[in-house]
Every structure is written in structure tokens, then in C-alpha cells.
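Work through the exercises below with the model open beside you. Try each task before reading its solution.

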Amino acid sequence: RTVYVNGEYLPENEAKISIFDRGFLMADGVYEVTSVLDGKLIDFAGHAKRLERSLNELNMPHPDVLPDLLEVHRELVRLNGIEEGMIYLQITRGAPDDRDFVFPDPETTTPTVVLFTQNKPGLANSPAAKKGMKVISIEDQRWARRDIKTVQLLFPSMGKMMAKAAGKDDAWMVEDDAVTEGTSNNAYIIKDGKIITRHLGNEILHGITRAAVLRFAKEAQMQVEERSFTIAEAQDADEAFITSASTFVMPVVEIDDVAVGTGTPGPVATRLREIYLDESR
Ligand code: PDD
């Protein structure tokens, strides 16, 4: 793979980051994952906008390359011949001379910018979408600013491992009895034709796929309700699904060992997946 590090395109085994990088020492970094279909970036503008917001919320200096990130993404797609897959982008506060809780002086410490591609042929045609996912529920133990897309992914990673240990595919996180989101995706249920997903706030990531799917759903005259829901309500729903840049729209067919609806991907989730793939390409 050819990767991008601080202005250079390099073979992945030649890319280097300082051991003092605050992304490494303190998870002081933000990221974005943009999908690629037919060699084209999906929703790049949305990801770029959220990235800028994440930087601002953390008072992280903007790297000089920020206005040129679309070109860097396109160049990596080209250099690596990506038809279907993802581009991972990470920006950290950079590498000061030593470990220190205090933010470094932006005059002397510049942000670290890393991008790499993930080749995933067959992403859009994923067999998982035909099978649907099984999820467990776990308590949401992340920090309180989940609207910022930081690289602090230890708890989501642990959640995935808990799901795996239970023989399932993912975990939905719950706080004060309400579902926040999946470990790396937004969560939805469908009841009587209405699409229900948690309202935006600091408790969840404002998914770029979520925004697109809700827009397409409204355009298709589907009803959308943005509010929180419980696991019991989700188990009693007609359908459930998740969205993210890496899964698009993915049906959920089981929650805590209880089948949702018929226990197979439902018509609304399946249609939304088709609409999303059609419209965003
Ligand atoms: N995850 N919620 C969380 C906690 C996420 O990590 C993600 C994305 C989403 C969906 O956001 P979007 O639709 O913008 O991808 C929601 C990415 C894909 C990841 O961590 O790999």
C-alpha cells in the first residue's frame, strides 16, 4: 500500500510517526472513514465538514493540508487502485518533545496527518447485508463527547469483543435505558413503517451516512422520528438496522437473543440500503 504521512506518499513500511505523538500517548486525535464505490469517494464533503468540527471542538490546530484533503484522498484511491473500500484519515495534535498533559504550542508542534486505504472488494454487495446482524446490548461506558470523532476507541473495541465472545456481530450501547448507538455505527428501528433513530446530541456521533439516509427516507415519503428508544422497544420493532460509512445500511435481525420482526432483513431496511447505494454513487 501507498500511504500518506505529513505531506508524503510512501510505501506503508516506510511511514514513520514519533513515539511522542499525542495520538499515540493520549488518544489526542480525530479521524474520519470515507467509503469508496466505483473508485469514487462517497459523501466526502460531509466527512470534511465533520472533521473540521472535531478539530475545532478540541482546539486542535488545522493542518496546512486541510483544504487539500479531497485531492489527497483521490490521489490515494488512484495510487492504490481502489474500486471499493475505505480511506482512513487521522489527525493528531502532533509530537512535542516530551510527554505532557498540557497542549503543546501550535507554533512549534504541528498536527500529524496520516491517511491510508483499505481495499474491500464486494463491500456494496456484502453477504452480511442479506443475512443481517445479531447484536447484544451493553452499557455505554464511553466519555461524554461522542459527537467528536476521536481515536479513543478502546471501549467500542471492547464492546465488539463482548459481542464476539457472545457469538454475535456487534453491540448496541445503552445509557439511562436508551440506546445511544452501535460500537461504530448509528442505530435505528422501524415500527409501523416509521424510522426511529436517536436525536443528535453529544451522546452520539453525528453520522454522515445517518444524515444521507434520513434525507433519502424523507424524499421517499417515509416517516422519520428522531428520538431515543429502549432495547425492549427495539426487540418489539418490525425491523432494525445500522448505518456507517463502512456498512452503509445493514439490517439487524436479533437483539439480545430476541429476533426482530421475522428475524430476517426486513423490506424497509433492504429498500433503504438500495436507495442509499443508488443515490450516493
Ligand atoms: N465509524 N457512530 C460511531 C460511534 C461511529 O464510530 C461511526 C463511524 C458512526 C457512523 O458514522 P458515519 O456514518 O459518518 O460513518 C456512528 C467508522 C466507520 C469507523 O470507526 O470505522
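## Exercise 1: A pair and its sheet

Gly29 has Thr92 of β5 opposite it. This is a predicted model. Starting from that residue pair, work out which strands pair, what sheet they belong to and what packs on the sheet.

**Solution.** 

Step 1. Identify the strands. β3 covers residues 29–37 and β5 covers residues 85–92. They pair in the antiparallel sense, over eight bridges.

Step 2. Recall the general rule. Strands of a sheet pair through backbone hydrogen bonds, in a parallel or antiparallel way.

## Exercise 2: Glu225

Decide whether Glu225 is buried or exposed. Then find its contacts beyond the local sequence.

**Solution.** 

Step 1. Locate the residue. Glu225 sits in strand β12, residues 223–226.

Step 2. Count neighbours. Glu225 has 12 C-beta neighbours inside 10 Å. A residue with 12 or fewer is exposed, so Glu225 counts as exposed.

Step 3. Set aside neighbours within four places in sequence. Glu225 is then in contact with Lys194 and Ile196.

Step 4. Check Arg198. Arg198 and Glu225 are 27 residues apart along the chain, and their C-alpha atoms are separated by 8.3 Å.

## Exercise 3: The ligand shell

Describe the 14 residues around the ligand. Which element supplies the largest share?

**Solution.** 

Step 1. List the nearest residues. They are Leu205, Gly207, Ile208, Thr209 and Ala245.

Step 2. Assign elements. α6 (208–219) and β13 (239–244) each supply at least two residues of the shell. The largest share, three residues, comes from α6.

Step 3. Sort by class. The shell has four nonpolar, eight polar and two charged residues.

## Exercise 4: The whole chain

**Solution.** 

Step 1. Count elements. The chain has eight helices and 15 strands.

Step 2. The C-alpha trace spans about 55 × 40 × 35 Å along its principal axes.

Step 3. Check burial. Buried residues make up 38% of the 281.

Note on methods:
Residues numbered from 1 in each chain as written. Predicted model: local features only at pLDDT ≥ 70, side-chain atom pairs only at ≥ 80, totals over all residues. Helix = DSSP H or I, 4+ residues; strand = E, 2+ residues; numbered from the N terminus. Buried ≥ 20, exposed ≤ 12 C-beta atoms within 10 Å, placed from the backbone. Near = placed C-beta within 6 Å. Nonpolar A, V, L, I, M, F, W, Y, C, P; charged D, E, K, R; others polar. Pairing = 2+ DSSP bridges. Contact = placed C-beta atoms within 7 Å. Axes fitted to C-alpha atoms, helices over the stretch in contact; angles between N-to-C directions.
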